[in-house]
Amino acid sequence: MAYSETAIHQVIEVLSKTLANTYLLALKTKNFHWNVKGPNFHSLHLLFDEQNGALVATADEVAERIRAFNKPAIGTMTEFLKAATLKESPANYPDAPTMIAALVADHEHIIEALLVDIEVLTGLSDVGSADMLTGQLQEHEKMAWMLRSHLQ
Ligand SMILES: [Fe+2]
């Protein structure tokens, strides 16, 4: 990859934030897989687990893209919390509709961030990362739709 060091630095910053946000949302989704209650327990328990798996796979893709630039991929909770723009809500066990609404809001947050990030990466001529994040944008839109469908 023939990118300048300045461009690579900016690309890694974007990818590290995306990795952190994705991992945080994966954990928030797993937390709800564990703690969900109510009449839709079974379907939500399964849906949250499935989405956790998809998000962990998405995070893995981002981490390995960072490694393709021969840079270290962050992989600790401390670094994820520092790099993420998503927020955690510890010691909070809401009812199922509130859980779903919180996850939808987080997917929407990531979608908004990705729209900007894709432009930035395209401007840096990193079409590979821009293309990867475009695919992930569609996955977040699909996951948000599946979550929203449980509220209707
Ligand atoms: Fe489980």
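Helices α4 (96-123) and α5 (127-149) pack at an angle of about 160°, with their axes 9 Å apart. The axes are lines fitted to C-alpha atoms, for helices over the stretch in contact, and angles run from 0 to 180 degrees between N-to-C directions. The two helices α4 and α5 are therefore roughly antiparallel to each other; angles over 145 degrees count as roughly antiparallel, under 35 as roughly parallel, 65 to 115 as roughly perpendicular and the rest as oblique. Sorted by class, the contact of α4 with α5 has 15 nonpolar, six polar and four charged residues. In this sorting Ala, Val, Leu, Ile, Met, Phe, Trp, Tyr, Cys and Pro count as nonpolar, Asp, Glu, Lys and Arg as charged, and the others, Gly among them, as polar. Helices are DSSP runs of H or I with at least four residues, strands are runs of E with at least two, and both are numbered from the N terminus.

The model is predicted: local features need pLDDT of at least 70, side-chain atom pairs count only at pLDDT 80 or more, and totals for chains, interfaces and linings use all residues. Residues are numbered from 1 along each chain as its sequence is written.

Helix α1 (5-35) was examined against α4 and α2. The axes of α1 and α4 come within 11 Å and cross at roughly 170°, which makes α1 roughly antiparallel to α4. The crossing of α1 past α4 is left-handed. On the α1 side the contact is made by V11, V14, T18, N21, L25, K28, T29 and F32, and on the α4 side by M99, L103, D106, I110, A113, D117, V120 and L121. A contact requires that the C-beta atoms of two residues, placed from the backbone, lie within 7 Å. Ten nonpolar, three polar and three charged residues make up the contact of α1 with α4.

Between α1 and α2 (41-68) the packing angle is about 160° and the axes are 8 Å apart. This makes α1 roughly antiparallel to α2. Helix α1 also passes α2 in a left-handed crossing, and their contact has 14 nonpolar, nine polar and three charged residues.

The largest nonpolar core has 20 residues, and those with the most contacts inside it are L19, A20, Y23, L121 and L133. The elements that give two or more residues to this core are α1, α2, α4 and α5, with the largest share, eight residues, coming from α1. A nonpolar core is a set of buried Ala, Val, Leu, Ile, Met, Phe, Trp, Tyr and Cys residues joined through C-beta atoms within 7 Å. A residue is buried if 20 or more other C-beta atoms lie within 10 Å of its own, exposed if 12 or fewer, and partly exposed in between, with C-beta atoms placed from the backbone. In soluble globular proteins, nonpolar side chains tend to be buried together. Leaving aside neighbours within four places in sequence, L19 is in contact with A59, V62, A63, I66, A73 and I74. A second, separate core of twelve residues includes L47, A96, M99 and A144.

Individual positions in the helices were also examined. Residue I118 lies in α4 and is buried, with 20 other C-beta atoms within 10 Å. Beyond four places in sequence, I118 is in contact with A130, L133 and T134. Residue S129, in α5, counts as buried with 24 C-beta neighbours inside 10 Å. Residues up to four places away in sequence not counted, S129 touches V11, L15, R65 and L121. Residue H9, in α1, has 13 C-beta neighbours inside 10 Å and so counts as partly exposed. H9 and H42 are 33 residues apart in sequence and 44 Å apart in space, C-alpha to C-alpha.

Two loop residues have a positive phi. Most residues other than glycine have a negative phi. N70, which is not a glycine, has a positive phi of about 60° and is found in the loop between α2 and α3 (77-83). With 8 C-beta neighbours inside 10 Å, N70 counts as exposed. A91, also not a glycine, has a positive phi of about 55° and lies in the loop between α3 and α4. A91 counts as exposed, with 5 C-beta neighbours inside 10 Å.

Notes:
Left-handed = near helix turned anticlockwise from the far one by under 90°.
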